[in-house]
Amino acid sequence: RDFSQSDCEEEVSGESHGAKKGGATGERPGREVLEMTIVTDRIADVFTRLRNAQMWRRDSCRMMKTKTTALLLKVLLEEGYIRGFEVLGEEPRQEIRVFLKYDESSRGVIRTIRRVSKPSRRIFVPIKDLPPSHNGLGRWILSTRLGIISDATARKLNVGGEILGEVF
């Protein structure tokens, strides 16, 4: 076993689905690396990637593009928690690069970001029962019949839904 490789990558010698050629990303040329990225909760994965990237003071981070991921990042952009994002690659395996935002003292703008409703426990709330997040300084992210929106937008539209997460 080569201990320089990550535990979530496995060398393969033949053609296989999900395999990519080595060389461009630091692997040995001529070898293929099978990506073992099985994600059961994409929203929690997005939150974790953002949290980890800011913890390490990264300029940006990458994640797989899905409709949900793009809508979630659009809400974070509208609320001012990220600088922006761009779509990389071509269908069907597109990625999104998210540009993180920091304040003057190099602290991440996102103080906390957490998943509320989970696949094992969904939490739905009418908008009149949704309390302010962090005394109005944070935002709830909701999945409604109108799409993924922030609590501020949901209050204007008077629509409730599933609480996907909270960001402060």
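In the predicted model described here, A154 is buried, with a relative accessible area of 0%; buried stands for under 20% relative accessible area, exposed for over 50% and partly exposed for values in between, with a 1.4 Å probe and protein chains only. A154 is found in helix α3, where helices (H or I, at least four residues) and strands (E, at least two) are DSSP runs numbered from the N terminus. Leaving aside residues up to four places away in sequence, A154 touches I127, L142, I149 and V159, a contact being heavy atoms within 4.5 Å. One of these partners, L142, sits twelve residues from A154 along the chain, and their C-alpha atoms are separated by 7.8 Å.

Residues are numbered from 1 along each chain as its sequence is written, and side-chain values use heavy atoms, with hydrogens and water left out. Because the model is predicted, local features need pLDDT of at least 70 and side-chain atom pairs count only at pLDDT 80 or more, while totals for chains, interfaces and linings use all residues.

Turning to the whole chain, the protein has three helices and eleven strands, arranged along the sequence as β-β-β-α-β-α-β-β-β-β-β-β-α-β. Of its 168 residues, 34% count as buried. Among contacts between residues at least 6 apart in sequence, 53% join residues at least 24 apart. The protein exposes about 10700 Å², of which carbon and sulfur atoms supply 51%; these areas come from the Shrake-Rupley method with a 1.4 Å probe, and for residues only the protein chains shown count as cover.

Confidence is expressed as pLDDT, the predictor's confidence in each residue from 0 to 100. The mean pLDDT of the protein is 84, and 79% of its residues reach 70 or more. Over residues 1-28 the pLDDT is below 50, and this stretch has 41 contacts in the model beyond near neighbours in sequence. Residues 30-34 also stay under 50, with 26 contacts beyond four places in sequence.

Some backbone details in the loops deserve a look. E91 and P92 are joined by a cis peptide bond, with omega about 0 degrees, and P92 is found in the loop between β5 (82-88) and β6 (95-100). R57, in the loop between α1 (42-55) and β4 (60-64), has a phi near 55 degrees, a positive value in a residue other than glycine. R57 is exposed, with a relative accessible area of 51%. N158 likewise has a positive phi of about 55 degrees although it is not a glycine; this residue lies in the loop between α3 (151-157) and β11 (161-167) and is exposed, with a relative accessible area of 58%.

The second largest pocket has a volume of about 160 Å³. On a 1 Å grid over the protein atoms alone, a pocket is an open set of points with protein on both sides within 12 Å along at least five of seven lines, and lining residues have an atom within 4 Å of a point. Grid points are joined across faces, edges and corners, and the volume is the space filled by probe spheres set on them. The lining consists of T48, R49, N52, A53, W56, R58, S60 and C61. The elements giving two or more residues to this lining are α1 and β4, and α1 gives the most, with four residues. By class, three lining residues are nonpolar, three polar and two charged; Ala, Val, Leu, Ile, Met, Phe, Trp, Tyr, Cys and Pro count as nonpolar, Asp, Glu, Lys and Arg as charged, and the others, Gly among them, as polar.

How values were computed:
On a 1 Å grid over the protein atoms alone, a cavity is a set of points where a 1.4 Å probe fits but cannot get out, and a pocket is an open set with protein on both sides within 12 Å along at least five of seven lines; lining residues have an atom within 4 Å of a point.
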